Amino acid sequence: MHIPFLDNWRKRHGAAHGVAVLGPSQDDPEGVAELLSECALLRDQAESAGLELDDSPRSLEALDQLLPRWRDDPEELPWLGNDAGLYLGTVIVRTVPEAAWQVWPNGQPVVRLPSGREVNVVEAGLDWAVSGAPELSQIYAEASED
C-alpha cells in the first residue's frame, strides 16, 4: 500500500525495530525460545521460494541466496528483517553449544554466546533485509567461532 505521508514519515524516522519480550523471560527460557523461533513471515517467504527453513546453518546460506523481493514492499521490509534476525538467533541457539537467548531490560532479545558476547540478531536481520549485508551465514560463522 502506498501512502505518501507515511512514506515521508518513514524516510525521516527510519524503519521500525521489531520485537520485544516482556515479562519474566528468564523463568521460561524454552518458552521464549519457542516464541522467538516462529518467524512466520520469513518462513512463508522462504517456502514460496521453494526453501524449507530447518533451523540449520545451511538454511542461512540458502536465505542469503534468495532474491530480495521483499525490498519492493516498504511495509513488509522491517517485519521480514525482524524475522530474519530471530531466525538467525534461533539457528545460533540451537546449534552453538551454550548459546542462549538473553532479553535486555528494554525487552530486546539478543543471543548470548559462551564467551559472554551478545549478538543483536534483530539488528543484524534488519541490516540483511535492507542491504543483504552482512550475510546471515557470515554472522552465524562468527558466532559459532566465538
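## Tryptophan 101

Strand S1 contains tryptophan 101. The model is predicted. With a relative accessibility of 13%, tryptophan 101 counts as buried, because the cut-off for that class is under 20%.

Setting aside neighbours within four places in sequence, tryptophan 101 is in contact with Ala33, Leu36, Leu86, Gly89, Thr90, Val93, Pro109, Val110, Val111 and Val121. One of these, alanine 33, lies 68 residues away along the chain, yet its C-alpha atom is separated from that of tryptophan 101 by 6.9 Å.

Strand S1 covers residues 100-103 and strand S2 residues 109-112; the two run antiparallel and are joined by four bridges. Within this pairing, valine 103 stands opposite proline 109 of S2. Five residues lie between the strands of this hairpin, and glycine 107 there has a positive phi near 95 degrees.

S2 also pairs with strand S3, residues 118-119, in the antiparallel sense and over two bridges. Here arginine 112 stands opposite glutamate 118 of S3. The hairpin of S2 and S3 has five residues between its strands, with glycine 116 at a positive phi near 100 degrees.

## Packing of H4 on H5

Helix H4 spans residues 57-65 and helix H5 residues 77-95; their axes come within 9 Å and cross at roughly 155 degrees. The angle is over 145 degrees, so H4 is roughly antiparallel to H5. The crossing of the two helices is left-handed.

On the H4 side the contact involves Pro57, Ser59, Leu60 and Leu63, which meet Tyr87, Leu88, Val91 and Thr95 of H5. By class, this contact has six nonpolar residues, two polar ones and no charged ones.

## Backbone geometry in the loops

Two residues other than glycine have a positive phi: cysteine 39, near 45 degrees, and aspartate 55, near 65 degrees. Cysteine 39 is in the loop between helix H2 (29-36) and helix H3 (40-48). Aspartate 55 is in the loop between H3 and H4. Cysteine 39 counts as buried at 4% relative accessibility, and aspartate 55 counts as buried at 14%.

A cis peptide bond links alanine 133 to proline 134, with omega near -5 degrees. Proline 134 belongs to the loop between helix H6 (121-131) and helix H7 (136-145).

Note on methods. Residues are numbered from 1 along each chain as its sequence is written. This is a predicted model: local features need pLDDT of at least 70, side-chain atom pairs count only at pLDDT 80 or more; totals for chains, interfaces and linings use all residues. Side-chain values use heavy atoms; hydrogens and water are left out. Axes are lines fitted to C-alpha atoms, for helices over the stretch in contact, and angles run from 0 to 180 degrees between N-to-C directions. Angles under 35 degrees count as roughly parallel, over 145 as roughly antiparallel, 65 to 115 as roughly perpendicular and the rest as oblique. A crossing is left-handed if the near helix is turned anticlockwise from the far one by less than a right angle, and right-handed if clockwise. Contact means heavy atoms within 4.5 Å. Ala, Val, Leu, Ile, Met, Phe, Trp, Tyr, Cys and Pro count as nonpolar, Asp, Glu, Lys and Arg as charged, and the others, Gly among them, as polar. Two strands pair if DSSP finds at least two bridges between them. Buried means under 20% relative accessible area, exposed over 50%, partly exposed in between (1.4 Å probe, protein chains only).
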